[in-house]
Amino acid sequence: MDMIMRFIMGLVFYGTMIPTYMFAANLRLPKKNIMLGVTIPYARHDEPSVTAVGITYLRRIRILTVVAGILGLPILLVPFMSIQLLIMLTLLLLFITGDFVIFVRANRALAAIKRQSNWAESAHTVPAVADFRAMEEKRRPLPRLFFILPCLIAAIPLIPLIHEMLTGTVEWGQAAGYLITVLFVPLLLILGEAIRRQGAEVVGTDSDLNVILTRVRRREYLRCMALCAWLLALTALAVGFQTIMLAFWFPAVVLTLAIVVAAYSFRAEFAVRRTQEKFTKMAGYTLAVDDDAYWLWGFFYHNRNDRRLLIKDRVGMSMGMNLGRPLGLCLMLLSGLLLLAMPLIGVWSVAQEFTPITYHVEGTEVTATQIRSRTFDLGTDFEAEIVDALPHGSRTFGTAIGTLRAGTFSFDGIGSAYALFHTDQPPFIVLTTSDGQVLVFNFDPVFEPLLR
Amino acid sequence: MLLSLDFTSDIPIYQQLRNQIVLGIASGTLTPGEKLPTIRALAQELGINMMTVSKAYQILKQEGYIASDRRNGAWVAPRSDGSAALERLEGSLRLIVAEARVAGVTADTVIALIQKLYLEGA
């Protein structure tokens with residue numbers, strides 16, 4: 001199991017690093033008239049000073065990737081899962097931040113060259129461009145069937161679940177996993193609708209090209225959303241009917257979904273980029289929008305005059321927030337904070353795995369402490385049993401990291417129980433309170449007075 | 001019809017919208033009867049207030065360039081006999097001619113310029 005976890009961690013780490021490198025490396029190539037987030041006139045793309053910035057950028061990205069790859073090797077060697085997680089999350093954060101810093105440096109260098117050489121595009125200096133014919137694409141209705149069908153399929157297990165709720169036989173851990181999964185499916189329908197209303201792609205004065213490009217971008221995006229909806233629906237179905245036990249399979253399920261969706265999104269992103277480049281060339285570079293003034297470091301859109309919250313990126317098919325709007329700024333700060341807080345999950349896991357468990361018994365009150373304390377009153381009529389081995393159990397809610405089991409678990413033959421023990425420290429004590437609550441701990445001499 | 005706005009210009013946004021649609025009609029990019037985007041869609045596309053688009057459409061309607069109703073939205077109006085447009089033109093040209101006179105531009109040059117722009121369909 002330890003080897004499998006190390007393999008999964010390594011897969012997540014290198015599986016995130018490689019596409020991130022590919023994405024970062026791709027940014028140096030000109031897309032439309034944009035290089036490394038700076039609008040450079042088409043005629044200047046091959047200037048030696050411009051090429052030099054791209055080469056330096058690529059070299060730095062490569063060095064960072066190799067260093068991060070080597071530093072990540074302990075993930076495959078360290079035996080403790082929490083330490084693997086801490087190393088992985090910290091390195092990923094440093095890697096993504098490093099990539100971003102390198103990008104910003106290249107962007108500023110290129111912007112300086114552009115400023116010194118007076119290369120600002122004079123044709124249009126604003127992002128507000130509309131093509132009436134391409135806008136017609138927005139009127140085409142969303143193929144709702146692709147989204148409604150998975151919503152319906154995902155909802156099927158609701159019928160037995162409601163029955164189980166009414167009869168009081170529901171397994172809450174599994175049910176919660178199902179309900180969370182099922183809620184994401186209609187969200188994709190809402191997201192699909194938002195994508196449908198996105199602005200048209202305008203690369204030139206030829207409306208036919210703009211129409212086709214808008215259609216391609218929209219189609220690729222909707223395909224991604226539909227794929228996510230179907231995968232989530234099938235997962236919800238499997239979790240809802242307990243074909244897969246979420247507590248045991250959760251990492252594998254999440255990983256598989258992430259890999260499939262990421263692979264498809266990458267394919268779509270690069271397909272859109274290729275089409276954009278091809279069509280811009282076909283359009284004959286007739287429209288050269290230069291809206292660098294609104295793009296901070298070529299990455300963050302900030303325009304108080306623009307009322308839109310969601311802004312489509314200048315290159316590719318992704319979207320970003322308009323930081324010129326208070327809500328956009330708040331959401332972006334929140335996302336940034338979440339990203340920076342990533343290693344805290346690792347710190348928390350290390351604290352959990354390495355904090356010793358202590359038990360305290362006073363009369364019929366048992367206190368189990370590990371980071372936080374929980375006290376249980378066993379009542380007058382309780383049962384205590386010492387066992388050398390516990391039956392197979394699965395996590396309903398809580399932590400199962402390394403040998404630590406903390407939280408609510410479901411054990412074969414015992415049922416739902418509160419657990420706080422290390423699996424490698426037998427024997428175990430199983431306490432059943434007078435009101436039917438079951439507690440499972442490592443046996444400790446403090447429990448001896450309870451063995452009547 | 002490609003429409004672009006310059007937020008840094010001194011010309012108000014609604015005026016830029018109005019002017020570009022008139023230019024579109026004049027050049028034949030927008031043909032009589034052709035539907036225009038809805039106020040909401042155009043405002044969303046350009047990231048501007050709906051009231052700004054609404055004002056531009058209102059002016060265009062008053063000037064007879066477009067027609068609209070609640071059911072069908074706005075569309076390019078059929079070409080009129082030009083008498084109303086001529087009246088408006090006289091007002092606009094009076095100022096342009098005065099500016100040309102002050103700048104020392106001759107009548108022949110102004111006429112030649114207007115003729116050139118007219119033939120270009122600008």
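# A friendly tour of a two-chain model

In chain B, 51% of the contacts with a separation of 6 or more are between residues 24 or more positions apart. For chain A, that share is 64%. Both figures come from a predicted model, so every value below is computed from predicted coordinates.

**Chain B as a whole**

- Chain B contains five helices and three strands.
- Reading from the N terminus, the order of its elements is β-α-α-α-β-β-α-α.
- The C-alpha trace of chain B spans about 50 × 35 × 20 Å along its principal axes.
- Of the 122 residues in chain B, 30% are buried.
- Chain B has an accessible surface of about 7900 Å², and carbon and sulfur atoms hold 58% of that area.
- There are 12 positive and 12 negative charges in chain B, and their mean positions are 8 Å apart.

**A nonpolar patch on chain B**

- Which residues make the nonpolar surface patch of about 500 Å²? They are Leu86(B), Leu89(B), Leu93(B), Ile96(B), Val97(B) and Ile114(B).
- Helix α4 of chain B, residues 83-102, gives the largest share of this patch, with five residues.
- Leu86(B) is found in that helix, α4 of chain B.
- Is Leu86(B) buried or exposed? Leu86(B) counts as exposed because its relative accessible area is 56%, and the cut-off for exposed is over 50%.

**Chain A as a whole**

- Chain A holds twelve helices and 16 strands.
- Its C-alpha trace spans about 90 × 50 × 35 Å along the principal axes.
- Chain A has 452 residues, and 45% of them count as buried.
- The accessible surface of chain A is about 22900 Å², with 67% of it belonging to carbon and sulfur atoms.
- Chain A carries 40 positive and 35 negative side chains, and the centres of these two sets are 16 Å apart.

- On the surface, Glu362(A), Glu365(A), Asp377(A) and Asp435(A) gather in a patch of negative charge.
- One of them, Glu365(A), sits in strand β9 of chain A, which covers residues 365-370.
- Glu365(A) is partly exposed, because its relative accessible area is 40%.
- Where does Thr433(A) lie? Look in the loop between β15 (428-432) and β16 (438-442) of chain A.
- Thr433(A) has a relative accessible area of 4%, so Thr433(A) is buried.

**Helices to look at in chain A**

- Helix α12 of chain A runs over residues 342-354, and its buried residues are Met342(A), Pro343(A), Gly346(A), Ser349(A), Gln352(A) and Glu353(A).
- The partners that these buried residues of α12(A) pack against include α4 (81-117), α11 (326-340) and β9 of chain A.
- Leu231(A) belongs to helix α9 of chain A, residues 207-240.
- With a relative accessible area of 21%, Leu231(A) is partly exposed.
- Beyond its neighbours within four places in sequence, Leu231(A) is in contact with Leu257(A), Val260(A) and Val261(A).
- Leu231(A) and Ala154(A) are 77 residues apart in sequence, and their C-alpha atoms are 9.9 Å apart in space.

- As background, most residues other than glycine have a negative phi, and most peptide bonds are trans.
- Leu36(A) has a positive phi, near 45 degrees, and is not a glycine.
- Leu36(A) lies in the loop between β1 (34-35) and β2 (38-39) of chain A, and counts as buried because its relative accessibility is 2%.
- Trp297(A) also has a positive phi, about 55 degrees, although it is not a glycine.
- Trp297(A) is in the loop between β4 (295-296) and β5 (300-301) of chain A, and its 34% relative accessibility makes Trp297(A) partly exposed.
- Pro426(A) and Pro427(A) are joined by a cis peptide bond with an omega of about 0 degrees.
- Pro427(A) lies in the loop between β14 (415-422) and β15 of chain A.

Conventions: Residues numbered from 1 in each chain as written. Chains lettered and ligands numbered in written order. Predicted model: local features only at pLDDT ≥ 70, side-chain atom pairs only at ≥ 80, totals over all residues. Heavy atoms only, no water. Patch = residues over 30% accessible without salt bridge, like charges linked within 9 Å, V, L, I, M, F, W, Y side chains within 5 Å. Areas by Shrake-Rupley, 256 points an atom, 1.4 Å probe, with all protein chains shown as cover. Salt bridge = Lys/Arg side-chain N within 4 Å of Asp/Glu carboxyl O. Lys, Arg positive; Asp, Glu negative; His and termini not counted. Charge placed at Lys NZ, Arg CZ, Asp CG, Glu CD. Helix = DSSP H or I, 4+ residues; strand = E, 2+ residues; numbered from the N terminus. Buried < 20%, exposed > 50% of the residue type's maximum accessible area, 1.4 Å probe, protein only. Contact = heavy atoms within 4.5 Å.
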